[in-house]
Amino acid sequence: MKEIRWHGRGGQGAKTVSQILAQINLREGKHVQSFPEYGPERSGAPVRAYNRISEEEILIHSGVYHPDISVVIDETLLDSENPTEGLNPQGTLLVNTKRSPDEIRKLTGFSGEIICLDAHEIAKGAGIGFPNVPMLGAVAAVLGTDPKLAEEELKATLSGRLPPEVVDKNLVAFREGYEAAKGARTNAPA
Amino acid sequence: MKKTMTGHKAVAEAMRQIEPDVVAVYPITPQSEIAEYYAQYVADGIVHTELVPVESEHSAMSACVGAAAAGARVMTATASQGLALLIEVLYIAAGLRLPIVMALVNRALSAPINIHCDHADAYLARDAGAIQIFAESAQEAYDYMIMAQRIAENERVRLPLIVNLDGFTLSHSVQVVEPLPDEEVKQFVGEFKPVYPLLDVENPATWGPFAMPDYYFELKRAQQAGMETVPEVFLKVQEEYAKLSGRPYKGFFEGYKLEDAERAIVIMGSTAGTAKVVVDELRKKGEKVGLLKVWLWRPFPKEEIVKALSHVAKVAVLDRALSFGNMGALYLDVTSAFVHREERPTFVNYIYGLGGRDTTTEHIEQVFAELDAARPGELRYLGLRE
């Protein structure tokens, strides 16, 4: 079972992409859970969302304390939210930042894999406002999800909510986030 | 087809498929989404339900009572303070033998104010005369909402029925749910058969009359007889639903690795899932542990619980609410079932998860680890800072 923790700010869509990640993985035949940190939701305040993804039925209903992947959608949370807390040392820290993995390692002291991508820039280039979709792409890359299948599911989900041209922009943002993280993995020192 | 959805969506989907005549509901955290989804279905013309947007839960249940007496199939949903506010009318629904089905999204009661899960609201409704069922997952909440209609509406039962699902943990988390096709649900639930409907003006009937000492007692005994009929109806409906859905519903509770267990936990709601993970882990280490997860809490299936637990040496009963001044209510249910039995386990009571305090696998491991040394009849607190 893989456990994932998302760090974002209210309004950045951490909960939404966590739910879409669950849908994508269900489509891959996995068992899934997605839940936000429960409580009053305030725009701009730090929020957490979680996923469990497993080959077997998921029975556990407690919180996630030792994630395998920690995703930081808003890098200002690196200082205040301690995104590496409980993070599996064999796991992955994914950060939306212009900074390098070495800088993030120095800042967090995390010994496992660190992947940095500029999700703001990717989102802007694709013509969307939020960095959550590129980060979703990055998580899909780390999980080894089939990108075509993920894009189909993302398209199906967003088509009900957004006009077609905006859906297409999101798909571009997803793919670029996916490729950026995949590339960063390949180039990472052993 | 398997889908991802929240517990709320699962409940709303069941309601959409059942399509009751009337839904009267007032929003409250964490139940609001059920009301929102259903209002959307009505606004979109997907269902032809009369939605009554009321100004309080007391009015919601009052509208439900009126509509049910008029001859309608009626549903509602609430949580916590909302349940507290409508409790007066829930007693009336039960006394009038009105089969109103209600989802209760379990949340702690004030004060201090808290929006998170415990079972204090369900415990508050314990003696109101409603049938109460607890769900472990969004799937179970969906399934029991559908079974609920048939159980509550059975002409020998005719009682309000509460389907409990843990607030946030089940209501707001996205899980995998496999709904049945609409047609199968409609066929399973069937046409609603009103009894002495007020709107049948050709055959006038009196609802809610005065009953003095000469009749009140007999009417209450008749209400208890309705409750006593529930187990038989529950099993029949459950068996039919298990066949239809292919899901393994059988009995008033789920025994998990209980047959040869030496130590066991009795629990209700979503934490049962977390406890199963621990049972599996300890079984791998050769420890004979098991779990009894209560589905049907009211009426309480005491004979069957005695049969299922008699061989177990040590049992921890976990209550997710305090009954101030005494042991937990579920503990008292289970232990009193054994009062005249020679062969019985020793029992310990744990209060856990109040106000949304998370119960982890480590907590459940702690219960099993402590069980042998615990003083019989002791009241303990799980996950509390003391």
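Biologist: Which residues line the largest cavity?

Modeller: B:Lys314, B:Val315, B:Thr346, B:Phe347, B:Val348, B:Leu371, B:Ala374 and B:Pro376 line the largest cavity. A cavity is a set of points, on a 1 Å grid over the protein atoms alone, where a 1.4 Å probe fits but cannot get out, and lining residues have an atom within 4 Å of a point. This is a predicted model, in which local features need pLDDT of at least 70 and side-chain atom pairs count only at pLDDT 80 or more, while totals for chains, interfaces and linings use all residues. Residues are numbered from 1 along each chain as its sequence is written, chains are lettered from A in the order in which they are written, and side-chain values use heavy atoms, with hydrogens and water left out.

Biologist: What volume does the largest cavity have?

Modeller: The volume is about 30 Å³, taken as the space filled by probe spheres set on the grid points, which are joined across faces, edges and corners. The search of the whole structure finds one cavity of 30 Å³ or more.

Biologist: Which element gives the most to the lining?

Modeller: β14(B) does, with three residues. Strands here are DSSP runs of E with at least two residues, helices are runs of H or I with at least four, and both are numbered from the N terminus. The lining divides into six nonpolar residues, one polar and one charged. Ala, Val, Leu, Ile, Met, Phe, Trp, Tyr, Cys and Pro count as nonpolar, Asp, Glu, Lys and Arg as charged, and the others, Gly among them, as polar.

Biologist: Turning to the interface, how many residues of chain A are in contact with chain B?

Modeller: 18 residues of chain A are in contact with 24 residues of chain B, contact meaning heavy atoms within 4.5 Å. The area buried between the two chains is about 1700 Å², of which carbon and sulfur atoms give 66%; this is the accessible area (1.4 Å probe) lost on being put together, summed over both parts.

Biologist: Which elements of chain A give two or more residues to that side?

Modeller: They are α1 (14-27) and β2 (31-36) of chain A. β2(A) gives the most, with six residues. The side of chain A that touches chain B has nine nonpolar residues, nine polar and no charged.

Definitions and conventions. 1 Å grid on protein atoms, 1.4 Å probe; cavity = no way out; pocket = protein on both sides within 12 Å on 5 of 7 lines; lining within 4 Å.
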